[in-house]
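I set out to look up the pocket and the helix packing of this chain. My entries follow in the order in which I made them.

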Amino acid sequence: MPAASTRVPQQERSRATRARLLEATVDCLVEHGWSGTTTTVVAARAGVSRGAQLHHYPTRTALVTAAVGHLTERRAAELRAEADALPADADRLDRVVDLLAAAFTGPLFVAALELWVAARTDVELRTALLPLEARIGREMHRLTVELLGVDERRPGVREAVQATLDLLRGLGVANLLSDDSTRRTALLQAWKTQLTALLAATDTAP
């Protein structure tokens with residue numbers, strides 16, 4: 001019985017330790033980039049011993065890919081909750097696109113971009129990152145379909161959703177080095193108008 005009574009707190013401590021490490025990893029990627037995000041720096045930032053960090057994530061690659069994967073799932077859940085609070089009116093599409101656009105300018109996007117660039121020349125990181133990015137891409141596409149409330153089986157819907165995500169990703173990259181808010185706002189408004197028309201056309205298609 002004592003062993004069973006101590007197991008749950010130990011599991012909770014392990015979960016809390018992993019959560020601190022994952023949060024700290026994203027923070028370090030944003031602040032220091034890939035080269036400055038060492039396991040030692042992350043452990044110190046998380047307030048976790050080096051031994052505990054190695055126990056949960058034995059390599060830097062394992063740590064950073066786990067961080068991006070975990071926090072992407074959490075952000076997707078937050079987006080669903082935010083979208084659920086939106087009214088089902090004529091402005092819903094605009095609001096959903098704004099929510100998605102914010103996801104491509106936040107810290108998690110910056111951290112992921114650091115990994116994409118580093119993976120170009122780091123074989124180990126690229127090997128670990130490719131399946132993760134494929135999964136994240138599929139989940140983001142599925143989430144966008146869900147939030148927009150569209151039927152992907154209709155001709156043109158899949159392409160419209162993917163074009164939306166590609167545009168938002170590109171605008172997120174453009175926003176990294178300078179304040180791109182004026183051009184960004186104009187482009188987003190133009191795309192919202194086009195997307196509304198595209199989706200309306202698919203609704204009336206035979």
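**Largest pocket**

I first looked up the volume of the largest pocket and found about 670 Å³ of space in it. A pocket here is an open set of points on a 1 Å grid over the protein atoms alone, where a 1.4 Å probe fits, with protein on both sides within 12 Å along at least five of seven lines; lining residues have an atom within 4 Å of a point. The volume is the space filled by probe spheres set on the points, which are joined across faces, edges and corners.

I note that this is a predicted model, in which local features need pLDDT of at least 70, side-chain atom pairs count only at pLDDT 80 or more, and totals for chains, interfaces and linings use all residues. Residues are numbered from 1 along each chain as its sequence is written, and side-chain values use heavy atoms, with hydrogens and water left out.

I then listed the lining: it has 31 residues, and T72, R75, A103, L108 and F109 are the closest to the pocket centre. By class I recorded 17 nonpolar, three polar and eleven charged residues in this lining. Ala, Val, Leu, Ile, Met, Phe, Trp, Tyr, Cys and Pro count as nonpolar, Asp, Glu, Lys and Arg as charged, and the others, Gly among them, as polar.

Which helices supply at least two residues each of the lining? I found α1 (2-36), α4 (60-84), α5, α6 (107-119) and α7. The most comes from α4, with ten residues.

**Chain**

I counted nine helices and zero strands, taken as DSSP runs (helices H or I, at least four residues; strands E, at least two) numbered from the N terminus. The C-alpha trace spans about 65 × 45 × 30 Å along its principal axes.

**α5 with α7**

I recorded an angle of about 155° between α5 (residues 92-103) and α7 (residues 123-148), with axes 10 Å apart. This makes α5 roughly antiparallel to α7. Angles run from 0 to 180 degrees between N-to-C directions, and axes are lines fitted to C-alpha atoms, for helices over the stretch in contact. Under 35 degrees counts as roughly parallel, over 145 as roughly antiparallel, 65 to 115 as roughly perpendicular and the rest as oblique.

On the α5 side, the contact (heavy atoms within 4.5 Å) is made by R92, L93, V96, L100 and A103, and on the α7 side by M140, T144, L147 and L148. I classed these residues as seven nonpolar, one polar and one charged.

**α6 with α7**

I found α6 and α7 packed at about 130°, with axes 9 Å apart. Hence α6 is oblique to α7.
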